[in-house]
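I opened this notebook to keep track of what I looked up, one entry at a time.

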Amino acid sequence: MLRRAMAEAGLHETGEDDLVDTVLLLASELCDNATLHAGTEFEVDLRISPDEVLVGVTDHGAGPLELYLAQPRPRFGRAATHGRGLMLVEQLATAWGTRHEREGRHRTWFSLARGVPVDSAEADDDLITTDGTFTAAQAPSNERPDAEQGPGARANSDGGRVARSLPGVNDPSPEWPDTDQVRRLLHVPAALSVRLDMPELVGELARRLREVLRADGVTVEVDHGDGSGAIPLAQDGTDPSSLPGTSFVEVPLPLTSPLRGILRILAGSGSAVAPELAELTAQRMALAVEMDWLRGADLRRRAWMAYLADASELFGQSMDVELVVTLVPQVVVPRLGQWCAVHLLDEAWQLRLAALTHATDDTIPDLRAALDPSPPPELARQLHDILAGSAAPAWFSEPTDGIAIGLTAHAQPLGALVVGRPAQRPHTPEDVALVGDIARRASLAIDNARTAAAHIATSQALQQALLPRALPAAPGVEFAAEYLPASAGSDVGGDFYDVLNIDATHWLASVGDVCGKGARAAARTGMVRDVLRVLIREGRSLTRAVELLNDVMMDVADPSQFCTLALARISRAGKGQPPGLTVELVLAGHPQPVLVRADGRTELIGQYGTAVGLTNEVRLSATRHHLGVGDTLLAYTDGVTERRAGREQFGPERLLAAAGPAAGQSAPRLIATVRSAVQAFSTDPRSDDIALLAIRAGQPG
């Protein structure tokens with residue numbers, strides 16, 4: 001249709017075949033855009049005058065592209081690749097523009113000057129557009145509607161549009177400055193540039209541009225894409241945007257997304273703006289802005305990486321759930337927000353406030369009242385959606401603006417991290433990404449702490465199951481015991497003690513140490529204790545019971561799980577015997593117990609024998625001892641004597657010296673005295689468990 005119309009107008013006869021081909025190319029691009037982005041019918045109009053060819057394409061509705069562009073501008077990521085046809089239009093057309101009517105019609109037009117080669121059209125451009133290309137400031141034909149203006153026009157305060165003209169047909173021709181002035185405009189010596197920061201450098205370029213162009217004013221604005229909007233970067237002379245209705249030139253700075261910038265030039269009276277100089281200066285300014293932004297982005301990236309690494313280290317230093325949860329808001333505030341709260345799911349699958357902090361301590365009570373026991377309705381709905389599986393950050397406005405991100409580990413929800421916006425600005429996409437990273441790290445730390453707590457609880461329950469729930473109480477004898485694990489962690493130690501009530505006047509007391517830690521040591525400890533109980537109840541002697549226990553352990557065929565034992569059969573004195581207790585003692589590779597006399601004398605008693613579970617045969621000796629009233633027998637594991645302070649051990653000599661002052665005192669008091677002496681010997685953490693068992697002879701009942 002267009003080709004036939006142009007042929008009828010005689011364009012082929014005048015030798016304008018290249019112009020015809022360009023018109024057809026650009027018209028087809030506009031038709032494709034109307035089909036793709038509007039999805040409606042469209043009309044094409046063609047106007048040919050002696051000076052130009054004008055083509056317009058009109059569609060009837062807002063398409064996906066318009067709806068997309070109406071949304072808030074994304075601040076990060078690559079620029080959209082839509083609308084590439086308009087790039088051809090702006091490069092090849094002499095002028096172009098759009099018109100949007102209230103009833104939904106959208107018209108895009110372009111014009112090509114006749115008699116001007118297409119390749120040289122750009123050299124004759126007279127109007128600078130917001131896309132950085134020059135198009136005519138005025139329509140070459142009176143047939144063009146007045147309301148249609150190119151994207152190089154600017155709305156004034158009254159809603160009209162004021163063309164920002166460069167020297168046009170009726171304007172003074174731009175006078176090119178001499179070479180020295182151009183050189184001074186674009187070249188900033190290295191010695192000067194290193195002393196100037198980016199705003200100062202841009203300001204210097206603006207000052208030089210104004211001098212060279214003899215303009216009334218030059219301003220530069222930059223939007224860093226962080227939500228704070230465009231900010232003035234440099235100004236020299238009058239601000240063009242401060243004069244409503246005044247024509248001025250706007251040159252976009254060629255910056256990479258998310259940066260955007262604009263250079264405004266207010267031409268002086270009787271002077272014109274050379275577009276090439278404006279564009280070259282804009283490029284020089286953009287280079288300075290972008291280098292500064294990239295340098296700052298790199299520094300920020302390094303700072304955030306160090307921040308996240310420190311956060312992970314803090315979260316991983318503790319296996320206590322409450323401590324980890326308390327650390328999370330402290331890490332977030334104030335770097336990522338004014339306040340932060342952690343909500344966790346409880347056993348009833350209900351969210352509860354677990355931790356909270358605010359940059360201003362005085363505000364914490366009011367914030368807690370707003371979030372606990374139930375958050376505001378909007379935030380409550382957002383948290384419900386997060387628990388239902390929503391992975392996207394949720395935005396809320398009560399009690400203040402902020403975001404909420406789910407805490408998830410192993411695809412299971414743990415709760416939510418709620419962060420109020422930073423002071424004086426909303427959260428940026430970078431902030432949201434960092435909060436999400438903190439949420440992931442916190443989720444793993446909380447889950448690991450919960451898992452560790454469950455393991456510790458199981459281990460401690462197993463450890464307690466290996467010890468007697470209560471010690472026997474009978475006239476004439478007093479028992480006391482204490483178990484000190486090397487750590488409160490999940491490792492189950494092999495040290496144990498036990499007191500078996502054989503009958504009303506006889507008891508079996510045992511203290512042992514199974515080699516190793518963990519589940520295997522716990523299983524072996526339980527076996528040793530139970531086998532001894534059964535054998536002694538059957539009336540076996542101490543030596544025979546240990547021999548049979550050795551046979552059982554050798555059948556397991558695990559020599560790394562051997563055991564040392566101190567067994568004592570305790571009998572209360574009968575009629576006609578000296579008051580006190582009779583003790584039959586057998587040591588199977590175990591340290592000698594301490595006998596503390598009532599008068600303060602102390603000694604090690606018993607004869608060493610073979611540990612159980614090492615060899616097929618064991619050598620054992622049973623010794624008999626008498627405990628008078630007030631005497632105490634103290635059995636222990638090697639965690640007492642092998643307690644270290646540097647290279648020095650606590651040893652049996654210090655044990656005897658520590659037990660002596662407690663002579664004549666109760667069995668619990670003796671254990672407390674010895675325990676205090678061992679703990680005071682070294683401040684280093686214990687490397688081995690300690691078991692203490694005291695048997696004291698009292699007055700007969």
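The entries below go from the whole chain to single contacts.

**Entry 1: the whole chain**

I noted before anything else that this is a predicted model. I looked up the secondary structure and found that the protein chain has 17 helices and 29 strands. I then checked burial, and of the 701 residues of the chain 46% count as buried. I also looked at the contacts between residues at least 6 apart in sequence, and 65% of these join residues at least 24 apart.

**Entry 2: an open sheet**

In what order do the strands of the open sheet stand? I found 5 strands in the order β18-β29-β26-β23-β24, with antiparallel pairing. The edges are taken by β18 (477-484) and β24 (602-604), and because each has a single partner strand, one side of each is left without a neighbour in the sheet.

I reminded myself that the strands of a sheet pair through backbone hydrogen bonds, either parallel or antiparallel.

**Entry 3: going along the pairs**

I started from β23 (residues 594-596), which pairs with β24 in the antiparallel sense over 3 bridges, and here V594 stands opposite L604 of β24. On to β26, I counted 3 bridges that join β23 to β26, again antiparallel, with V596 opposite T632. From β26 I went to β29 (residues 690-697), where 5 bridges join the two antiparallel strands, and where the bridge partner of L634 is A694 of β29.

**Entry 4: the covering of β26**

Are the residues of β26 buried or exposed? I found that 5 of its 5 residues are buried, so I call the strand mostly covered, with buried meaning under 20% relative accessible area. In a regular strand the side chains alternate between the two faces of the sheet. I therefore looked at each face of β26 by itself, taking buried as under 20% relative accessible area, and both are covered, with T632, L634 and Y636 buried on one side and L633 and A635 buried on the other.

**Entry 5: α16 and α17**

I returned to the pair of β23 and β24, which is antiparallel over 3 bridges. Helix α16 (residues 651-659) packs on the sheet, where it touches β23, β24 and β26 (632-636), and its direction makes about 145 degrees with that of β24. Helix α16 also packs with helix α17 (residues 667-681), at an angle of about 135 degrees and with the axes 9 Å apart, and α16 and α17 are therefore oblique to each other. I recorded the crossing of α16 past α17 as right-handed. On the side of α16 the contact involves R654, L655, A658 and A659, and on the side of α17 it involves L670, T673, V674, A677 and F681. Sorted by class, this contact has 7 nonpolar, 1 polar and 1 charged residues.

**Entry 6: α8 and α9**

I looked up a further helix pair, α8 (residues 275-316) and α9 (residues 321-332), which pack at an angle of about 160 degrees with their axes 10 Å apart. That angle makes α8 roughly antiparallel to α9, and α8 passes α9 in a right-handed crossing. Which residues make the contact? I listed Y307, A311, L314 and F315 from α8, together with V324, L327, V328, V331 and V332 from α9. By class, the contact of α8 with α9 has 9 nonpolar residues, with no polar and no charged ones.

Definitions and conventions
Residues are numbered from 1 along each chain as its sequence is written. This is a predicted model: local features need pLDDT of at least 70, side-chain atom pairs count only at pLDDT 80 or more; totals for chains, interfaces and linings use all residues. Side-chain values use heavy atoms; hydrogens and water are left out. Two strands pair if DSSP finds at least two bridges between them. Helices (H or I, at least four residues) and strands (E, at least two) are DSSP runs, numbered from the N terminus. Contact means heavy atoms within 4.5 Å. Axes are lines fitted to C-alpha atoms, for helices over the stretch in contact, and angles run from 0 to 180 degrees between N-to-C directions. Angles under 35 degrees count as roughly parallel, over 145 as roughly antiparallel, 65 to 115 as roughly perpendicular and the rest as oblique. A crossing is left-handed if the near helix is turned anticlockwise from the far one by less than a right angle, and right-handed if clockwise. Ala, Val, Leu, Ile, Met, Phe, Trp, Tyr, Cys and Pro count as nonpolar, Asp, Glu, Lys and Arg as charged, and the others, Gly among them, as polar. Buried means under 20% relative accessible area, exposed over 50%, partly exposed in between (1.4 Å probe, protein chains only).
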